[in-house]
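Subject: Structure handover

Hello,

Here is the structure for you to look through. My notes on it follow below.

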Amino acid sequence: TVVVYATEDNKGQNADVYVDGNYYCAITSFLGFTSFQLSPGVHNISVVIHSHGYHFRSGVESINLMPGKEVNVKFTVLGYNLVSGFSY
């Protein structure tokens, strides 16, 4: 399971999630996160966060998903046109 968060000022934001370079799903600001299943292995996750009429594109976070494990990836807007991401 992969859980992807998109936040700004600790509040959920609308975002588009990309997996391995392809659009995968959307996050709504109501929840601020989405959860989905991927096959085990290395995957590249990124987001485009929509906030205040702007589109903030993150860098790519590479994760190594092990069978039966969960990986959380959090992306947050830190400043103008800067998105930080980390996985845990």
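Leaving aside its neighbours within four places in sequence, which residues is Gly41 in contact with? They are Ile63, Asn64 and Leu65, where contact means heavy atoms within 4.5 Å. With a relative accessible area of 23%, Gly41 is partly exposed.

Before the rest, some notes on the source. This is a predicted model, in which local features need pLDDT of at least 70 and side-chain atom pairs count only at pLDDT 80 or more, while totals for chains, interfaces and linings use all residues. Residues are numbered from 1 along each chain as its sequence is written, and side-chain values use heavy atoms, with hydrogens and water left out.

Overall picture

The protein has ten strands and zero helices. Both kinds of element are DSSP runs numbered from the N terminus: helices are H or I with at least four residues, strands are E with at least two. Of the 88 residues in the protein, 41% are buried. Among contacts with a separation of 6 or more, 50% are between residues 24 or more positions apart. The accessible surface comes to about 5100 Å², and carbon and sulfur atoms hold 52% of that; such areas come from the Shrake-Rupley method with a 1.4 Å probe, and for residues only the protein chains shown count as cover.

The core

In soluble globular proteins, nonpolar side chains tend to be buried together. The largest nonpolar core here has 20 residues, and Val4, Val17, Phe36, Ile45 and Ile49 touch the most other members. Such a core is a set of buried Ala, Val, Leu, Ile, Met, Phe, Trp, Tyr and Cys residues joined through side-chain atoms within 4.5 Å. At least two residues of this core come from each of strands E1 (2-8), E3 (14-19), E4 (22-27), E6, E8 (61-65) and E9 (71-79). E9 gives the largest share, four residues. Val4 shows how far apart in the sequence such partners can sit: leaving aside neighbours within four places, its contacts include Val17, Phe36, Ile45 and Phe75.

E6 (residues 41-51) pairs with strand E7 (residues 54-57) in the antiparallel sense, over four bridges. Two strands count as paired if DSSP finds at least two bridges between them. One of these bridges joins His50 to His55 in E7. The hairpin has two residues between the strands, and His52 takes a positive phi near 55° there.

His43 also lies in E6. Is His43 buried or exposed? His43 is buried, with a relative accessible area of 8%. The side chains of His43 and Asp20 are joined by a polar contact of 3.0 Å. A polar contact is a pair of N or O atoms within 3.5 Å; within protein, one must be able to donate a hydrogen and the other to accept it, and residues adjacent in sequence count only if both atoms are side-chain atoms. A polar atom of the His43 side chain also lies 2.7 Å from the backbone oxygen of Ser39.

Aromatic pairs

There are four aromatic pairs in the structure. Rings of Phe, Tyr and Trp (its six-membered ring) pair if their centres lie within 6.5 Å; planes under 30 degrees apart count as stacked, over 60 as edge-to-face and the rest as tilted. Tyr5 and Phe33 form a tilted pair, 5.6 Å centre to centre with 40° between the planes. Tyr5 lies in E1 and Phe33 in strand E5 (residues 33-36), so this pair ties together parts that are 28 residues apart in sequence. Tyr54 and Phe56 form another tilted pair, at 6.2 Å and 45°. Tyr54 is partly exposed at 44% relative accessible area, whereas Phe56 is buried at 6%.

The loop between E1 and E2

Asp9 is found in the loop between E1 and strand E2 (11-12), and Asn10 is in that loop too. Asp9 has a positive phi of about 55° although it is not a glycine. Asn10, also a residue other than glycine, has a positive phi near 60°. Asp9 is exposed at 62% relative accessibility, and Asn10 is exposed at 71%.

Regards

Conventions
Buried means under 20% relative accessible area, exposed over 50%, partly exposed in between (1.4 Å probe, protein chains only).
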